There are 2 protein chains.
Amino acid sequence: MDYAKLADQYKSALLEDVIPFWKQYSIDQEHGGYFTCLNRKGSVFDTDKFVWLQARQVWTFSMLYNRLDQNPKWLEIASHGARFLRQHGLDADGNWFFALDQVGNPLVQPYNIFSDCFAAMAFAQFAIASGDTEAMDLASQTYHNILAREANPKGIYNKSVPGARPLKGFALPMILCNLTLELEHLLAAEVVEAQIDRAIHEVIDVFLDPESLLISENVSLSGGQVDSFEGRLLNPGHAIEAMWFLMEVGQRREDKNLIQRAIDVTLATLDYGWDEEFGGVFYFMDRLGHPPQQLEWDQKLWWVHLETLVALAMGYALTGQRECWVWYQRVHEFTWNHFPDPEFGEWFGYLNRRGEVLLPLKGGKWKGCFHVPRAIYQCWKLFESLDGQA
Amino acid sequence: MDYAKLADQYKSALLEDVIPFWKQYSIDQEHGGYFTCLNRKGSVFDTDKFVWLQARQVWTFSMLYNRLDQNPKWLEIASHGARFLRQHGLDADGNWFFALDQVGNPLVQPYNIFSDCFAAMAFAQFAIASGDTEAMDLASQTYHNILAREANPKGIYNKSVPGARPLKGFALPMILCNLTLELEHLLAAEVVEAQIDRAIHEVIDVFLDPESLLISENVSLSGGQVDSFEGRLLNPGHAIEAMWFLMEVGQRREDKNLIQRAIDVTLATLDYGWDEEFGGVFYFMDRLGHPPQQLEWDQKLWWVHLETLVALAMGYALTGQRECWVWYQRVHEFTWNHFPDPEFGEWFGYLNRRGEVLLPLKGGKWKGCFHVPRAIYQCWKLFESLDGQA
């Protein structure tokens with residue numbers, strides 16, 4: 001097991017391929033912010049700006065500046081997006097719009113609380129990089145606004161009839177776990193510990209089925225499983241991403257049981273979610289094996305595979321458990337054989353079940369400069385640490 | 001060209017396969033209404049009741065009773081669903097909920113105006129079958145409520161920022177064209193003519209691009225094309241379905257130009273939307289050839305192909321144009337080879353690009369007892385008329 005070679009593979013993908021791609025093609029010099037709708041070669045095919053992706057790119061360049069290299073160009077790119085978001089992203093009540101046009105006019109209302117989550121993450125990381133105290137305040141205000149909106153995240157855009165089969169979703173507690181650690185330097189210590197306790201409880205005691213070790217995307221308010229389309233829905237990549245969030249918490253708290261639980265869930269989810277016929281992890285499944293509603297259920301998505309590599313590399317680095325390594329190799333092979341674009345750089349996002357390119361884009365409404373560089377950075381550092389241990 | 005054989009093929013599919021399937025598996029004897037989430041063999045895998053599909057099944061059995069055979073069993077099935085919808089489907093303001101649970105409790109608010117469209121269609125057709133004047137009133141009230149809501153069909157659930165790039169969608173004018181004819185017996189003659197005039201104008205002068213002959217799913221309020229994901233979106237099956245609605249109007253008004261225009265658009269849409277590699281019509285496309293947002297864009301859906309068969313058979317029956325027949329045969333071959341389930345009956349709904357079954361269901365949240373029997377009935381009658389002419 002040549003960890004150094006793996007570390008190098010990730011390092012050069014990050015620094016010689018992925019970051020240069022976004023640096024070259026995504027900056028909107030005219031109106032600020034980033035283009036994210038980039039075709040295979042990097043040309044812009046749509047100029048709308050989605051707050052999720054604007055914020056995530058601010059986060060990525062700030063994070064690399066903070067953790068990897070204080071490259072002034074990276075800080076400049078982060079500032080470029082932070083400025084645009086600050087000027088145009090917020091409504092009068094301090095909620096983040098979902099989409100803006102190229103110039104920054106709001107297009108889609110703040111119906112989606114994850115815009116706020118990624119904005120908080122962005123400004124918290126950017127505040128460290130820039131020392132900008134306003135960015136710090138904005139991150140902290142946004143975080144507390146998320147907690148205030150948590151009971152009804154969709155607000156007036158909620159289409160469920162009140163009281164009729166109320167469900168809660170896995171995404172928010174899962175993101176809050178990661179977000180709280182991201183904002184640790186801005187939050188009171190007791191808020192951090194309380195929010196992490198709550199996130200662990202929600203993930204492990206509420207959304208996780210202790211028998212199957214599968215995580216439901218939606219459960220009843222009292223935490224029970226529900227036999228409906230939403231209640232049966234599994235999103236294996238989402239569950240696995242949450243598991244490395246928990247492994248980080250476990251590491252921080254020196255909680256070996258939590259780390260082991262997260263590994264067990266990762267492996268069980270892969271057993272259920274792996275496509276034995278064509279390889280890769282399915283996007284959506286039904287926990288009872290019924291047809292899911294999502295027509296894209298059998299597709300192979302970039303972020304699912306990258307987050308899985310992180311979880312497996314982290315589980316392996318933390319415990320040396322053999323199954324993590326066996327699965328890592330299998331997922332590595334599929335991922336590296338199918339997603340990177342050797343011809344024009346960066347990674348494809350959307351493959352069909354057979355692993356063929358479904359959409360040739362490098363970025364769009366949901367894919368930006370985030371999962372690819374974040375996961376690649378993490379895998380690089382994990383294999384570097386494994387190499388150091390060896 | 002053996003039209004009689006084709007007519008027979010459709011007739012036996014309708015009467016010996018499709019209708020028996022829904023008759024046998026969809027009736028909820030316990031709580032009323034219909035199950036529509038049926039797996040390959042007809043077993044119920046989810047008991048929620050979606051107003052679109054409840055209404056469409058009421059319409060189908062009423063229509064068959066009215067036009068084909070006054071079979072008391074068919075009227076009983078229609079009544080069964082009409083009763084459930086009347087008891088549970090409406091909110092206090094006369095809007096139709098989107099989804100109900102098995103017993104009839106509302107689950108999802110009336111955010112979707114097409115629930116109202118299909119309810120109006122259902123009760124108008126059921127009123128003819130049953131002579132029920134309350135059903136007649138309900139259809140007419142619902143129709144006028146749709147017209148009142150038309151300017152802002154999503155109401156409070158509209159997530160667009162007011163005034164920011166306002167768009168209007170093709171679906172509503174297109175459905176109103178068909179719905180107005182369906183409700184003709186309940187509406188004042190001047191309403192019928194005015195609404196049909198308006199629908200023709202919207203489809204032909206507003207949504208249709210006169211150069212490419214392609215129909216955009218969304219245009220600006222002033223009717224211009226918009227270069228955004230929504231503004232570039234094409235839904236070939238949707239455009240083609242609208243074309244046979246227009247051919248029916250053309251027939252009724254003895255307007256040969258309108259019929260010819262509808263045929264030209266059908267053929268141009270097939271030229272653009274046909275998958276030369278694997279056959280079949282794509283589900284979504286981008287009119288500038290950019291990657292569409294819809295991950296399911298390359299899938300082959302049952303209703304797209306059935307509505308295309310209707311448009312081509314109708315165009316051919318009305319004009320004898322050779323291209324209609326050439327295309328009919330190509331689409332017929334793909335459709336009949338891929339969608340019917342010879343083993344357990346009825347038709348698959350969702351195939352992947354290669355024409356392989358993607359979801360083995362016979363019904364779900366969006367597929368019920370509607371497109372398959374409606375289109376098969378129409379093709380049967382069209383080939384019967386062609387056989388009579390021959």
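At what angle do the axes of helix α6 (residues 171-182) of chain A and helix α7 (residues 189-207) of chain A cross? The views below come from a predicted model, in which local features need pLDDT of at least 70 and side-chain atom pairs count only at pLDDT 80 or more, while totals for chains, interfaces and linings use all residues. Residues are numbered from 1 along each chain as its sequence is written, chains are lettered from A in the order in which they are written, and side-chain values use heavy atoms, without hydrogens and water.

**View 1. Helices α6(A) and α7(A) in contact.** The two axes (lines fitted to C-alpha atoms over the stretch in contact, with angles from 0 to 180 degrees between N-to-C directions) come within 9 Å and cross at roughly 150 degrees. The helices are therefore roughly antiparallel to each other, a term for angles over 145 degrees. The contact (heavy atoms within 4.5 Å) involves P173(A), L176(A), C177(A), T180(A) and L181(A) of α6(A), which meet residues of α7(A) including V192(A), I196(A), A199(A) and F207(A).

**View 2. Q57(B) in helix α2 (residues 51-67) of chain B.** Q57(B) is buried, with a relative accessible area of 0%, where buried means under 20% (1.4 Å probe, protein chains only). Leaving aside neighbours within four places in sequence, Q57(B) is in contact with W22(B), S26(B), I27(B), Y34(B), I77(B) and C369(B).

**View 3. The contact between chain A and chain B.** Chain A contributes 42 residues and chain B 43 residues. The buried area (accessible area, 1.4 Å probe, lost on being put together and summed over both parts) is about 3600 Å², with carbon and sulfur atoms giving 61%. In chain A, F45(A), K159(A) and L295(A) lose the most area to chain B, together 20% of what that side buries.

Technical notes. Helices (H or I, at least four residues) and strands (E, at least two) are DSSP runs, numbered from the N terminus. Angles under 35 degrees count as roughly parallel, over 145 as roughly antiparallel, 65 to 115 as roughly perpendicular and the rest as oblique. Buried means under 20% relative accessible area, exposed over 50%, partly exposed in between (1.4 Å probe, protein chains only). Buried area is the accessible area (1.4 Å probe) that two parts lose on being put together, summed over both.
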